[in-house]
Amino acid sequence: MPQPDDSKLRVAILGCTGSIGRQALDVCAQHSDLLEVVALSAHGKTKELVDAARTHHVACVAVTDSSHATDPILAELPKGTELLFGADALARIVVRDDVDCVLNAVVGAAGLTASYETLRSGKRLALANKESLVVGGDVLMPLARPGQMLPVDSEHSAIFQCLVGEERNPIHAIWLTCSGGPFYGRTHDELAGITAADALRHPTWSMGPKITIDSATLMNKGLERIEAMHLFGVPMEQITVLIQRESKIHSMVEYEDGSVIAQLGASDMRIPIQYAFSYPNRWDAPCSRVDFREIASLSFGAPDMETFRCLALAERAGIEGGTYPCVLNAANEVAVHAFLNDECSFTDIAHLVEGALDAHVREEAESIEQLRDVDAWARSFTAHALKALARS
């Protein structure tokens with residue numbers, strides 16, 4: 001929660017070696033008078049973790065992949081820095097007494113428990129791990145007090161900013177913007193031969209491989225619709241995906257009277273990261289500003305949900321609710337990993353996700369433990385489907 005004006009916000013960054021984590025460290029370095037990095041985690045990139053720990057003189061670090069516990073580089077951690085290992089290390093970091101704010105930039109469903117424990121401990125959650133809400137929104141949202149959970153996704157940060165001061169006014173629609181990815185305008189047949197290298201070339205954003213593939217299939221936008229539904233209490237039917245190729249309008253909120261408020265700015269994730277730290281204040285810009293006189297035009301379009309079927313599958317899961325979004329996310333994580341390793345085609349991703357959804361029997365989402373079991377079932381089912389696909 002917000003700290004007194006004369007103190008620094010003490011930050012833990014989970015997933016500090018990924019794209020969001022590295023940019024968060026940039027923000028912390030720029031605003032070292034306002035932010036103090038006290039804890040960091042990484043999955044297996046121990047060299048980058050140690051470098052960041054030495055630069056920021058942190059009190060605690062965690063390596064979630066225990067196979068890296070004997071990496072020699074860990075001996076170069078600053079003297080006195082506590083070293084934790086294993087998946088449960090994230091939960092141990094977020095409840096530390098010297099942590100005020102947790103930036104959860106872990107990739108995938110692995111970030112769910114950390115989000116849950118952060119909210120339970122009453123600390124501010126700067127949420128870049130959208131899967132936390134996709135999988136466990138029904139469990140997490142009742143724990144979040146006003147102003148405790150700040151979205152870091154550029155679109156959700158934009159919507160949050162458009163809602164500031166408007167809480168009592170009815171929303172007609174949320175326009176959730178989308179670049180369209182690298183294959184916007186292509187047909188289903190044209191997508192069949194897409195390679196991982198093709199899909200990793202995003203037109204406007206620099207992101208990690210998993211989210212970049214999700215952006216290419218438009219699954220990322222489908223997950224973001226589910227996330228927005230939980231964050232802002234708006235039904236799926238009122239959240240419309242809008243193609244905005246220039247990625248300058250980050251999202252818009254349309255109110256009942258016809259007024260539309262949009263958040264615009266540079267395509268730089270350091271802006272929403274910084275706002276999640278600074279809220280309700282605004283600090284000096286962490287990146288170059290946009291000169292709107294140099295933008296020739298802003299274009300808009302509708303997504304092709306028949307060609308990019310992942311978007312339609314996410315809509316189905318979001319509307320049906322319960323444990324369906326958990327299955328959607330788990331199956332997608334397995335399928336994307338397979339695609340990145342040349343074990344399935346680009347169009348197979350949607351096929352595999354749909355198969356898991358079809359096979360699942362819906363339950364109400366009630367606990368973290370239950371969702372872990374559903375996640376494990378969906379991963380196992382999709383792994384078996386991959387083997388069958390390879391044999392066909």
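**View 1. Asn-329 and the residues it touches in the predicted model.** Leaving aside residues up to four places away in sequence, Asn-329 touches Ala-109, Glu-131, Val-134, Val-135 and Leu-223. Asn-329 belongs to helix H13. Its relative accessibility is 0%, and buried means under 20%, so Asn-329 counts as buried.

**View 2. Helix H13, residues 324-340.** H13 is the helix that holds Asn-329. It has 17 residues. From its first C-alpha to its last, H13 reaches 24 Å, which is close to the 24 Å expected at 1.5 Å a residue. Of the 17 residues of H13, 15 are buried, so the helix is largely enclosed by the rest of the structure.

**View 3. Asp-342, which follows helix H13.** The phi angle of Asp-342 is positive, near 60 degrees. The helix before Asp-342 is H13, which covers residues 324-340.

**View 4. The packing of helix H1 against helix H11.** H1 covers residues 19-30 and H11 covers residues 270-278. The two helices pack at an angle of about 60 degrees, and their axes are 9 Å apart. That angle makes H1 oblique to H11. The crossing of H1 past H11 is right-handed.

**View 5. Residues in the contact between H1 and H11.** H1 contributes Ile-20, Gln-23, Ala-24, Asp-26, Val-27 and Cys-28. H11 contributes Arg-270, Ile-273, Gln-274 and Phe-277. Sorted by class, the contact of H1 with H11 has 6 nonpolar, 2 polar and 2 charged residues.

Terms used:
Residues numbered from 1 in each chain as written. Predicted model: local features only at pLDDT ≥ 70, side-chain atom pairs only at ≥ 80, totals over all residues. Heavy atoms only, no water. Helix = DSSP H or I, 4+ residues; strand = E, 2+ residues; numbered from the N terminus. Expected span 1.5 Å × (residues − 1). Buried < 20%, exposed > 50% of the residue type's maximum accessible area, 1.4 Å probe, protein only. Axes fitted to C-alpha atoms, helices over the stretch in contact; angles between N-to-C directions. Parallel < 35°, antiparallel > 145°, perpendicular 65-115°, else oblique. Left-handed = near helix turned anticlockwise from the far one by under 90°. Contact = heavy atoms within 4.5 Å. Nonpolar A, V, L, I, M, F, W, Y, C, P; charged D, E, K, R; others polar.
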